[in-house]
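Have the structure open as you read.

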Amino acid sequence: MPRAGFDEVVLLTGLPSFTARTVCEEIVRTSPRTLVHAVVRSKFAADAREILDAMPLAQRSRVQLIEGDAAAMDLGLSGAELTQLAGEVDRIHHCAGVSYQGVDRSTAEHVNIGSAREVLELAAVCSHLKCLVHHSTALVSGDRVGMVREEELQAGQRFRNVIEETKARAEKRMRAAMGKIPIAIVRPSMVVGDSKTGEIDRFDGPYLHMLMIVTSPAEIALPMPSRGDAPLNIVPADYVARATRAIGLDPRAPGKTFHVVDPAPLTARRVFELVALAGGKRMPRGFIPANITKALLRTPGLERFAKSPRAFLDALATPVTWTTTNADEILSDAKITCPPFESYVEKLVEYVQAHLREKRARRELAEIDDPLG
């Protein structure tokens, strides 16, 4: 049974990643009688504690950090710790994973696939598990175009990078276990910052072009890195956290997959036109053909920086629509809707601009000569 004094116990992997952090904050904010056990690698313990320190006392007191490793055997926990968790845990949010495009294959396989295997082994011995929520990505559809349904995974697609491939292989493991374990798979599209604060942990994906726009001279209108007429499906991090929490609580969720996406995505060109407007820049005009942009990114010296831009260009050039039948059923009942991009683009741009100002100030401070030197 859950620990005395709490109605429910949740096991969380992935802290201090931005995904795990937003899910953790959503849980303790909305469920005052829920205890969260967060498995954290020792090298990230200080960062995890910093996240907890920023929470109100009533919330952070309900998050217990457990030193371990989601991708290690038995999650890197002792036998006693595993036994305790197996007897307490009601729900699992498996957020651990790597999504950085520059990661090597062995690390991606170890983290994305290995952690799925280990979490499944724990889930199999939990005495009263209600739902294991596996956090995946809609990009497991790879290079598919047109309509992709929630129940589909293997449909002959090619994967454009090792992240898509290993995320899909982890999903395959989860799907194979659905008959024995109550599992729900959530697939958000490209995740951007919080819709209220703009906060994000890493500037990759659509942020790469956003940074170019925000830092360009006001009189220059940057061309798009592609035609930009395909939908660019992006969702704010706080919406994803609310949606995945609601899905994990719903008894209809186990055994299903859920696309957590924008139901009315704008074209990539319109997205970056709005970014330019919010940043006080000229609207982007024209475009550079994607094949020429990719060739430029293969310039010697740029290769180690170019993996993420190339992945984003591939996504820009893939006209795909993810259906939301399963997600609509639960999220509409929970009255959770995706905010339109127009309503939060200014927050995203403001956060990027503030980050750039802070970075510039730190650099200028470091360049000041020591007067006593």
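How are H1 and H8 oriented to each other? They're oblique to each other, a label for angles that are not under 35 degrees (roughly parallel), over 145 (roughly antiparallel) or 65 to 115 (roughly perpendicular). More on that pair below.

## Ground rules

This is a predicted model, where local features need pLDDT of at least 70 and side-chain atom pairs count only at pLDDT 80 or more, while totals for chains, interfaces and linings use all residues. Residues are numbered from 1 along each chain as its sequence is written, and side-chain values use heavy atoms, with hydrogens and water left out.

## The chain as a whole

The protein chain has 13 helices and 11 strands; these are DSSP runs numbered from the N terminus, with helices being H or I of at least four residues and strands being E of at least two. Of its 373 residues, 52% are buried. Buried means under 20% relative accessible area, exposed means over 50%, and partly exposed is in between, using a 1.4 Å probe and protein chains only.

Take the contacts with a separation of 6 or more: 81% of them come from residues 24 or more positions apart. A contact here is heavy atoms within 4.5 Å. The accessible surface comes to about 17400 Å², with 54% of it belonging to carbon and sulfur atoms; the areas come from the Shrake-Rupley method with a 1.4 Å probe, and for residues only the protein chains shown count as cover.

## H1 across H8

Two packed helices are described by the angle between their axes and the distance between the axes. For helix H1 (residues 18-30) and helix H8 (residues 237-249), the axes come within 9 Å and cross at roughly 60 degrees. Axes are lines fitted to C-alpha atoms, for helices over the stretch in contact, and angles run from 0 to 180 degrees between N-to-C directions. The crossing of H1 past H8 is right-handed, so called if the near helix is turned clockwise from the far one by less than a right angle, with anticlockwise giving left-handed.

On the H1 side, the contact is made by Phe18, Thr22, Val23, Glu26, Ile27 and Thr30, and on the H8 side by Ala237, Ala241, Arg242, Thr244 and Arg245. That contact splits into five nonpolar, three polar and three charged residues. Ala, Val, Leu, Ile, Met, Phe, Trp, Tyr, Cys and Pro count as nonpolar, Asp, Glu, Lys and Arg as charged, and the others, Gly among them, as polar.

Helix H9 (residues 268-278) is largely enclosed by the rest of the structure, because eight of its 11 residues are buried. Those are Ala268, Arg269, Val271, Phe272, Glu273, Leu274, Val275 and Ala276. Just after H9, glycine 280 has a positive phi of about 70 degrees.

Helix H7 (residues 206-215) and H9 have axes that come within 10 Å and cross at roughly 40 degrees, so this pair is oblique. H7 passes H9 in a right-handed crossing. Pro206, His209, Met210 and Ile213 of H7 meet Phe272, Val275 and Ala276 of H9. The residues of this contact are six nonpolar, one polar and no charged.

Helix H4 (residues 79-88) has Leu82, Leu85, Ala86 and Glu88 buried. The buried residues of H4 pack against strands S1 (8-13), S2 (34-40) and S3 (63-67), and against helix H5 (105-125).

Isoleucine 66 lies in S3 and is buried, with a relative accessible area of 13%. Setting aside neighbours within four places in sequence, isoleucine 66 is in contact with His37, Ala38, Val39, Val40, Leu77, Glu81 and Leu85. The C-alpha atoms of isoleucine 66 and glutamate 81 are separated by 8.9 Å, with the two residues 15 apart along the chain.

Which peptide bond is cis? The bond from leucine 15 to proline 16 is, with omega near 15 degrees. Proline 16 is in the loop between S1 and H1.

Leucine 75, in the loop between S3 and H4, has a positive phi near 60 degrees despite not being glycine; at 1% relative accessibility, leucine 75 counts as buried. Lysine 335 also has a positive phi, near 60 degrees, and is found in the loop between helix H12 (325-333) and helix H13 (345-367). Lysine 335 counts as exposed, at 73% relative accessibility.
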